[in-house]
Amino acid sequence: MREEGWKFLGPILHYEKALKNQAMVYEKNDNYIVFGIDKTSKNILNEPISKKDAEKRIKESLIEISKHMLRKSI
């Protein structure tokens, strides 16, 4: 993705179309995509997402990751 000019923005933990519901968000020229492996684990998941939805999902995922990390360290 980097070679094609896409910039990694963050994870998505609850994306129903992705394997184990986990995918990544990339941005290029103000276009946003969800990238990962599809639920069948046989194809690449590469579909557009709105900037607003991408930002919301990334924020939710990072909050969940932080909570999980803090729980593990206590």
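**Notebook: aromatic rings, strands, core and salt bridges**

I began with F35, which is buried at a relative accessible area of 18%; I take buried as under 20% relative accessible area, exposed as over 50% and partly exposed as in between, with a 1.4 Å probe and protein chains only. I note that this is a predicted model, in which local features need pLDDT of at least 70 and side-chain atom pairs count only at pLDDT 80 or more, while totals for chains, interfaces and linings use all residues. Residues are numbered from 1 along each chain as its sequence is written, and side-chain values use heavy atoms, with hydrogens and water left out.

**Confidence.** I looked up pLDDT, the predictor's confidence in each residue from 0 to 100, and found a mean of 92 for the protein, with 96% of its residues at 70 or more. Among the elements, β3 has the highest mean pLDDT (97) and α1 the lowest (88); helices (H or I, at least four residues) and strands (E, at least two) are DSSP runs numbered from the N terminus.

**Aromatic rings.** I found two aromatic pairs in the structure; rings of Phe, Tyr and Trp (its six-membered ring) pair if their centres lie within 6.5 Å, and planes under 30 degrees apart count as stacked, over 60 as edge-to-face and the rest as tilted. F8 is partly exposed at 44% relative accessible area, whereas Y26 is buried at 11%. Y26 also pairs edge-to-face with F35, at 5.9 Å centre to centre and 85° between the planes, and the ring pairs link F8, Y26 and F35 into a cluster.

**Strands.** I then followed β3, where five of the seven residues are buried. Two strands pair if DSSP finds at least two bridges between them; β2 and β3 run antiparallel and are joined by five bridges, with I33 in β3 as the bridge partner of Y26. The hairpin of β2 and β3 has two residues between the strands, and N29 there takes a positive phi near 55°. β3 also pairs with β4 in the antiparallel sense, over six bridges, and Y32 stands opposite I49 in β4.

**Cores.** I define a nonpolar core as a set of buried Ala, Val, Leu, Ile, Met, Phe, Trp, Tyr and Cys residues joined through side-chain atoms within 4.5 Å. The largest has 11 residues, among them A23, Y32, V34 and I49, and β2 (23-28), β3 (31-37), β4 (44-49) and α1 (51-73) each give two or more residues to this core. A second, separate core of five residues includes M1, Y26, I33 and F35.

**Salt bridges.** I found two salt bridges, each being a side-chain nitrogen of Lys or Arg within 4 Å of a carboxyl oxygen of Asp or Glu. E47 pairs with K17, the closest N and O atoms being 3.4 Å apart; E47 lies in strand β4 and K17 in the loop between β1 and β2, so the pair ties together parts 30 residues apart in sequence. E47 is buried at 17%, while K17 is partly exposed at 49%. R57 pairs with D53, with closest N and O atoms 3.3 Å apart, and both lie in helix α1, four residues or about one turn apart.
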